[in-house]
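Some labels in a structural description rest on cut-offs.

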Amino acid sequence: MAPVIHCIRHGQGFHNLGAGFYSLHDPHLTPLGISQCETLQATSFPDQSNISLITASPLSRALHTAFLTFSPALTSGRKCPPQILALPDAQETSDDPCDIGSDPSVLRGIVAENNWPVDLSLVKDGWNVKTLENRYSPHSSAIAARARDARVLLRQKIRELVRKGDTDAEVVLVTHGGYLHFFTDDWEDSYQYPGTGWHNCETRSYSFEEDVMADADGEARLTETTESRRKRGKTYPMYSREKQPELFELGMQRWESQGLQRPDKLRKVPDMSVII
C-alpha cells in the first residue's frame, strides 16, 4: 500500500458553539469534543499499529484531539515516535482570536500542564502573529503557500520513513476545517458547515498524486483515496485540479454569506516565496 496521510479535523471546541465564541483565544475542546475523540479512536483507529507519525496544528484543540485519539500509537513503542509533532504551518486560517495560538512559552506550559507529549521544536516566536504581510497571514495566498509547505514537509517525513523500511507509512495530521481545504486543495462542499465541509473529528485519507519517492512536484499534490471517498458516500473521484478554482470561488461566496472572513478578499500580500 502506498503511504497515506490521514487528515482529521479537531473535535468540537468552545468556539464551535457559535459566532459569539470566536473571541475566545486558543479555545480548548468541549466535553462533547472530548467524547468525539474517544469515538474516533474506537471507530476509525482501533488498531494503531500501522501509524508511523502523528502531527498536529499547535492550537490547543488540535493537540488535545491528537493526544486523546492516538495515545495508543504514542505509547505502543512500535513504529510511531512518542511525541506529536506540532506544525505551525497547519494552524487555522483566520485572524479571529479563536484561531490565534499561544506564545511558545505559554504553549509549553499548556502542554506540560496537560501532560501532552508534544514536540514543539518547529514552533518559534511569531508563529501566532497573523499580520497581512507575514508567513501566517490570513490571506488566501499565504494560507495556500504554507499548506504547500506542510505537504512538502510531510512528503519528506514519509520519504525518511520509507528509506528506513516503512514502505506503507501512515501519517496523521490533526488540523482545522478551513485549513483542510487549502491543504488538500479540495473545495467540494466547503460551506456545508461554517467555513468548512468537514465535521468535527471527520477523517479523510490522502495519498500523493505522484510516487512519493520520485515526485519532483513542488506542490506535493494530494488526492483522496477511493476507500476514503467511498466511506463518506462519494462514488466518484475527487474533482480535478481544473475544477477546483470554480469550487473555491463558490466556497468563498458561501463563507462570506455565513458572515465569515473571506481570505481571498483581504489586502494582497507579497510573493510568499520570498518571506521568511
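Contact means heavy atoms within 4.5 Å. Helices (H or I, at least four residues) and strands (E, at least two) are DSSP runs, numbered from the N terminus. This is a predicted model, in which local features need pLDDT of at least 70, side-chain atom pairs count only at pLDDT 80 or more, and totals for chains, interfaces and linings use all residues. Residues are numbered from 1 along each chain as its sequence is written, and side-chain values use heavy atoms, with hydrogens and water left out.

Q: What covers the buried residues of α5?
A: The cover includes β1, α4, β5, β6, β7 and α7. Buried means under 20% relative accessible area, exposed over 50%, and partly exposed in between (1.4 Å probe, protein chains only).

Q: What makes α5 mostly covered?
A: Eight of its eight residues are buried. They are Gly 177, Gly 178, Tyr 179, Leu 180, His 181, Phe 182, Phe 183 and Thr 184. Just after α5, Asp 185 takes a positive phi of about 50°.

Q: Why is Leu 59 called buried?
A: Its relative accessible area is 0%. The limit is under 20%, so Leu 59 counts as buried. Leu 59 sits in the loop between β2 (51-56) and α2 (60-75).

Q: Which residues does Leu 59 touch, not counting those up to four places away in sequence?
A: Asp 26, Gln 91, Glu 92, Asp 99, Ile 100, Gly 101, Trp 127 and His 176.

Q: Is Asn 115 buried or exposed, and how do you know?
A: Asn 115 has a relative accessible area of 62%. That value is over 50%, so Asn 115 is exposed. Its place is in the loop between α3 (104-114) and β4 (118-119).

Q: What stands out in the phi of Asn 115?
A: Phi is near 55°, a positive value in a residue other than glycine. Most residues other than glycine have a negative phi.

Q: Why does Ala 220 count as buried?
A: Ala 220 has 0% relative accessibility, which falls under the 20% limit, so the label is buried. Ala 220 is in the loop between β6 and β7 (222-224). Its phi is also positive, near 50°.

Q: What makes a set of residues a nonpolar core?
A: Its members are buried Ala, Val, Leu, Ile, Met, Phe, Trp, Tyr and Cys residues joined through side-chain atoms within 4.5 Å. The largest core here has 32 residues, and Ile 5 and Phe 183 touch the most other members. Elements giving two or more residues to this core are β1 (4-9), α4 (140-163), β5 (170-175), α5 (177-184), β6 (203-208) and α7 (244-257). The largest share, seven residues, comes from α4. A second, separate core of 30 residues includes Leu 29, Ala 66, Phe 70 and Cys 201.

Q: Why is α4 called roughly perpendicular to α5?
A: Their axes come within 8 Å and cross at roughly 70°. Axes are lines fitted to C-alpha atoms, for helices over the stretch in contact, and angles run from 0 to 180 degrees between N-to-C directions. Angles under 35 degrees count as roughly parallel, over 145 as roughly antiparallel, 65 to 115 as roughly perpendicular and the rest as oblique. The crossing angle lies in the 65 to 115 range, so α4 is roughly perpendicular to α5. On the α5 side, the contact is made by Tyr 179, Phe 182 and Phe 183.

Q: Why are α1 and α2 called roughly parallel?
A: The axes of α1 (residues 31-44) and α2 cross at roughly 30° and come within 9 Å. The angle is under 35 degrees, so the two helices are roughly parallel. Ile 34, Cys 37, Leu 40 and Gln 41 in α1 meet His 64, Thr 65, Leu 68, Thr 69 and Pro 72 in α2.
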